[in-house]
Amino acid sequence: MAVGITGGAALSVAAILFVTMAATSMISGGHFNPAITLGVMVRDFLDCKFDLTDILVRVVYIILQIVGGIVGALLAWAIRNSTMYLHYDDDNVDSGQAFLGELVFTTLLVWVFLSSKKYFLHTPLLYMLVVATAQYAGIQIVSGVSSGFMNFAISLGIKVVDAGEHDSDDLDDIWIYLLGFLFGGALGAVLYWVHELGKQKAKAPS
């Protein structure tokens, strides 16, 4: 909703992410992003620390995040009486470049989330601030390439509502944001896991 109302202003999006994480992290983990939930699943899989219940709970998280993205876009449309147009600039950027932008910054966002949550375990507000800062920086950098927010739930919600309002084919390039979420979430977790594995080996006695 914040994205739709503000037109994707990076500072507003990062600020609302911070306060909603602070309000809900003790209940649900404060993910709000399918890529982060997927990253948590992949991390636990690599650590052999997950079971069927965990998988089902996190799949439900992803479904609810997507539903929340659509509901948020509808609320933004109701408040503004217009939708935000989400599309990469195909005059200057091709679809491969847009996908690469989403992939790289989604990967980094997931890695930052997993790393900061571990290292700032006893200062949770600090880790939330780090994640919100990463979100802000990512939007500032990549929005000019993909117009995305490293969050498939937001991208899908905006596109669904915009396509419905204008009866358009605005969902044609949704694959950019879907694959950015799937590969970015997985790669962010792998990057975190490899980094942690390297640190453990460095600490091991020779």
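Colleague: What does Ile63 count as, going by relative accessibility?

Modeller: Ile63 counts as partly exposed because its relative accessibility is 47%. Buried means under 20% relative accessible area, exposed over 50%, and partly exposed in between (1.4 Å probe, protein chains only). This is a predicted model: local features need pLDDT of at least 70, side-chain atom pairs count only at pLDDT 80 or more, and totals for chains, interfaces and linings use all residues. Residues are numbered from 1 along each chain as its sequence is written, and side-chain values use heavy atoms, without hydrogens and water.

Colleague: Where is the place of Ile63, then?

Modeller: Ile63 belongs to helix H4, which covers residues 52-80. Helices (H or I, at least four residues) and strands (E, at least two) are DSSP runs, numbered from the N terminus.

Colleague: And how many helices and strands are there in the chain?

Modeller: The protein chain has eight helices and zero strands. Read from the N terminus on, its elements run α-α-α-α-α-α-α-α.

Colleague: What share of the residues is buried?

Modeller: Of the 206 residues in the protein chain, 43% are buried.

Colleague: Back to H4. Is Arg58 buried or exposed?

Modeller: Arg58 is found in helix H4. Arg58 counts as buried because its relative accessibility is 17%.

Colleague: Which residues is Arg58 in contact with, leaving aside neighbours within four places in sequence?

Modeller: Once those neighbours are set aside, Arg58 is in contact (heavy atoms within 4.5 Å) with Thr37, Val40, Met41 and Asp44.

Colleague: What does Arg58 form with Asp44?

Modeller: Arg58 and Asp44 form a salt bridge, with their closest N and O atoms 2.5 Å apart. Arg58 lies in helix H4 and Asp44 in helix H3 (residues 34-46), so this pair ties together parts that are 14 residues apart in sequence. A salt bridge is a side-chain nitrogen of Lys or Arg within 4 Å of a carboxyl oxygen of Asp or Glu.

Colleague: Is Asp44 buried or exposed?

Modeller: Asp44 counts as buried, since its relative accessibility is 7%.

Colleague: Which salt bridge does Arg43 form?

Modeller: Arg43 also pairs with Asp44 in a salt bridge, and here the closest N and O atoms are 3.0 Å apart.

Colleague: How many salt bridges does the count come to?

Modeller: The count comes to four salt bridges. One of them joins Lys118 to Glu196, with the closest N and O atoms 2.5 Å apart. Lys118 sits in helix H5 (residues 95-119) and Glu196 in helix H8 (residues 174-203), so the pair ties together parts that are 78 residues apart in sequence.

Colleague: Why do Lys118 and Glu196 count as they do on accessibility?

Modeller: Lys118 counts as partly exposed because its relative accessibility is 41%. Glu196 counts as buried because the value for Glu196 is 6%. As for the other bridges, shared partners join Arg43, Asp44 and Arg58 into one network.

Colleague: New topic, the aromatic rings. How many aromatic pairs does a search of the whole structure find?

Modeller: The search finds three aromatic pairs. Phe99 and Trp175 make a tilted one, 6.2 Å from centre to centre with 35° between the planes. Rings of Phe, Tyr and Trp (its six-membered ring) pair if their centres lie within 6.5 Å; planes under 30 degrees apart count as stacked, over 60 as edge-to-face and the rest as tilted.

Colleague: Which helices do Phe99 and Trp175 lie in?

Modeller: Phe99 lies in helix H5 and Trp175 in helix H8, so the pair ties together parts that are 76 residues apart in sequence. Trp175 is partly exposed, with a relative accessible area of 34%.

Colleague: What about the rings of Phe152 and Phe181?

Modeller: Their centres are 5.6 Å apart and their planes meet at 15°, so Phe152 and Phe181 are a stacked pair. Phe152 lies in helix H7 (residues 152-166) and Phe181 in helix H8, so the pair ties together parts that are 29 residues apart in sequence. Both Phe152 and Phe181 are buried.

Colleague: Across the whole chain, what share of contacts between residues at least 6 apart in sequence joins residues at least 24 apart?

Modeller: In the protein chain, 77% of those contacts join residues at least 24 apart.
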